[in-house]
Amino acid sequence: MLSNYLTLALRNLRKNSLYSGLNIAGLAIGIAACLLIVLYVTHEVSYDRWNPNAERIVRPVADINFGGHHFELAVAGSVMAPEAGALLPEIQSWCRFRQNGHFLVKREGASQQNIREEDVLRVDSSFFEIFPLKMIQGDPMRCLTQPNTMAISRSRAERYFSAPQMAIGQTLLLENKERWQVTAVYEDMPLNSHFRADLLLSMNGSEEIKGDPPFWGSNNNFQTYFLLRKGTNLESFRQKFAALSREKVEETAQQLLGTTLADIEKTGQFVRYSLQNLTDIHLHSDLTAELAPNGSIRYVWIFSAIAAFILLIACINFMNLATARSSGRAKEVGVRKVMGGRRSALIGQFLSESLVISAFAVVLAIALAALAMPWYRDLTGVDLKMPWSSPLFWAAMAGGTALVGLLAGSYPAFFLSAFDAIRVLKGQVSGVGRGSRFRSVLVVFQFTVSVALIISTLLVFKQLNYIQNKKLGFEKNHVIILDDAYALGDKIYTLKEEMLRYPGIESATVSGFLPVSSNRSDYGFSKVRGLDKDNTVNMQRWQIDNDYFKTMNMEIVQGRAFDPARVTDSMGIILNETAARQFGFADPIGQKVYLLDGELKGAPKPEDFKELHIVGVVRDFHWSSLRENIGSLCFQLGKSRGLASFRYKQAETSAIIAALEKNWKALSPDQPFSYRFLDESFAKMYDAEQRVGKIAGIFGLLSILVSCLGLFGLAAFTTEQRTKEIGIRKVLGASVSSVVGLLSRDFLKLILVALLIATPLAYYFMKTWLSDFAYRIDISWWVFVLAGSMAILVAFLTVGYQSVKAALANPVRSLRSE
């Protein structure tokens with residue numbers, strides 16, 4: 001019986017090659033799109049689950065509202081981990097990370113150029129107990145117990161020493177001066193980790209930790225992880241940790257501010273610590289000082305919904321295209337019923353055809369997904385691969401074939417098998433009735449999803465265009481940045497002066513601070529000599545040279561810029577407008593503010609505060625993401641040599657890069673030359689939104705394409721059912737245009753209904769998405785009109801083909817049997 005079903009199924013597919021091709025193509029596109037999205041979603045939800053301890057690891061995070069600023073931090077003070085470990089018996093082990101940015105590294109004694117290493121962490125010796133990476137060489141429990149020892153990944157061992165076995169006992173130089181001995185080599189970290197580390201430096205002997213004040217809530221610089229004992233009740237431990245952290249913050253408030261935590265909280269200010277599960281970090285955390293950019297559970301849900309909708313749209317196509325051929329198969333059903341065929345046998349026959357089509361479609365979908373994978377990797381920014389060796393993948397494909405075949409084929413199978421044998425043999429089959437309404441609902445659903453995706457895509461790109469073209473308070477174009485300027489030492493100023501001689505260079509500045517997002521520390525400035533909560537303003541402090549404002553095209557709105565000829569400017573500061581407003585000075589120029597000078601070891605004394613005077617106010621500019629309001633910021637004259645920035649004339653780009661490289665290598669031939677552009681660094685802050693917009697747009701177009709195949713099927717179905725009506729109308733004098741209008745009208749009504757449903761849905765979801773931005777566009781009415789016009793045009797062209805074909809047909813052929 002089964003072989004008979006398959007034989008008949010293949011015969012019918014060959015007989016109706018056009019419709020079979022459309023069915024297979026529609027399903028294949030839908031399944032391929034779904035497969036690509038599922039691979040991405042699966043990768044995103046797998047983060048940190050490679051760790052066998054994942055369910056027992058938590059990270060303390062801080063929520064601080066103080067001095068007019070609200071901070072949500074992924075870091076804590078260095079004292080938290082050892083104190084909590086001693087006071088809470090549920091903690092089996094703890095580990096702190098200190099991220100100090102990148103390092104320039106080379107093998108001691110080697111003639112090679114320094115290599116810039118981005119993924120470097122200082123960690124406690126317990127690292128491998130909490131994150132048990134596979135060890136190639138060395139003892140994981142002892143390799144980081146001594147000062148100036150390090151563990152390196154396999155890829156770095158091969159980079160510096162050719163093979164992991166040759167690395168143990170060797171020395172790497174960091175920044176040309178720090179000697180670190182390699183004591184262990186571990187396998188490269190899995191890509192689905194919320195952080196990456198190729199060099200792990202022992203934190204033993206850290207001068208920073210020795211100098212840290214013994215207070216919770218201050219000097220939050222360390223990512224901290226607790227490994228809990230087996231059997232620990234997590235909720236109970238959360239409560240104990242919250243109580244301990246409140247007790248410790250109370251001590252800090254009393255010793256530093258001379259007040260109680262309750263009094264601070266009465267003013268709306270607070271310092272709170274909580275715990276975050278390891279497996280929640282990647283998708284549920286977007287805090288300041290994350291180890292790496294995280295994903296978003298919102299986008300995972302969005303992509304999952306898109307995958308489900310595209311697959312549904314593809315299945316709906318199959319239903320519409322199958323029912324479009326119902327008249328052609330009605331007599332076959334009637335004859336088989338008259339000859340004794342049971343309805344169950346007919347259902348089996350039609351489902352077998354559906355499964356065959358589904359199998360062909362899945363095979364084609366896998367091929368399409370594999371071909372699209374390189375492009376998809378670039379689009380998502382994730383190193384995804386087809387899981388050819390995974391049994392689960394092939395099981396899922398087999399199950400998906402059956403599921404899609406049954407889902408797409410169930411309605412046509414039951415619909416066709418229900419035809420009355422006598423009526424169909426008399427030619428009395430009609431597609432109008434219970435089936436036609438259901439098909440109309442399916443088309444409305446298809447275009448609702450498609451139009452909503454197109455509207456969302458247009459609004460995403462409108463917001464991104466707004467970000468790129470918004471007046472930022474500085475000029476981001478035509479600025480080239482040299483990384484690792486500090487590697488030249490004071491020679492960087494020689495490079496600056498040399499480049500200023502080039503006619504293509506307009507200005508230059510040496511500073512480690514640029515108006516793009518990065519992890520920076522806030523400092524407390526006060527109007528009095530003390531940490532008075534009512535007079536303290538927390539703000540960024542950037543050290544710059546006197547050419548900074550000119551190079552960035554920033555405007556001084558009060559007072560003046562720094563003048564190196566004035567000795568007193570070394571104690572001067574320039575505020576942004578937000579900081580000036582927060583201090584509340586009627587005229588800020590000449591006013592004095594106080595900054596705590598050095599680390600606190602106990603209650604601060606008046607002499608611990610450095611007196612500074614305000615010399616100017618710069619117009620507010622966006623120094624962080626447009627998701628955030630402009631924060632308080634001040635500038636001081638000082639040496640911060642991390643970066644050198646050059647404003648240049650656009651036509652001179654290539655010549656300027658060549659000149660920079662030549663001068664760099666002349667001053668320091670063993671240091672790597674690395675540059676970037678300020679506008680590109682600014683755009684990188686919105687990589688996630690760029691990817692979402694592109695993915696939504698591409699899959700939105702795919703959904704429109706697949707929907708149009710379904711619409712084509714429904715148009716074919718309706719035209720087929722109304723062939724005699726069209727013939728009569730033409731005999732009575734109806735024009736081609738009137739026939740086209742008659743056939744197209746009902747379909748366009750369905751598209752208009754889809755627009756009415758999609759518009760409020762897209763408006764709601766996009767308003768929610770835009771709420772993440774402090775600076776955002778208004779949702780314009782023309783976006784909905786444009787998306788609707790696109791849908792109507794595409795639908796009309798799709799339906800128009802069938803309508804014109806029917807209108808031009810010879811009426812004699814359709815009426816000669818009457």
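This is a predicted model: local features need pLDDT of at least 70, side-chain atom pairs count only at pLDDT 80 or more; totals for chains, interfaces and linings use all residues.
Colleague: What makes Arg154 and Glu158 a salt bridge?

Modeller: Their closest N and O atoms are 3.8 Å apart, and the cut-off is within 4 Å, so the pair qualifies as a salt bridge. Both residues lie in helix H5, 4 residues apart, which is about one turn of the helix.

Colleague: How do you know that Asp547 and Lys496 meet in a salt bridge?

Modeller: The N to O distance between their side chains is 2.7 Å, which is within 4 Å. Asp547 lies in the loop between strand S17 and helix H17, whereas Lys496 lies in helix H16, so the pair ties together parts that are 51 residues apart in sequence.

Colleague: Why is Lys496 called buried?

Modeller: Its relative accessible area is 6%, and buried means under 20%, so Lys496 is buried, whereas Asp547, with 22%, is partly exposed.

Colleague: What makes Glu290 and Arg59 a link between separate parts of the chain?

Modeller: They form a salt bridge, with the closest N and O atoms 3.1 Å apart; Glu290 lies in the loop between helix H9 and helix H10, and Arg59 lies in strand S1, so the pair ties together parts that are 231 residues apart in sequence. Glu290, with a relative accessible area of 10%, is buried, and Arg59, at 0%, counts as buried too.

Methods:
Residues are numbered from 1 along each chain as its sequence is written. Side-chain values use heavy atoms; hydrogens and water are left out. Helices (H or I, at least four residues) and strands (E, at least two) are DSSP runs, numbered from the N terminus. Buried means under 20% relative accessible area, exposed over 50%, partly exposed in between (1.4 Å probe, protein chains only).
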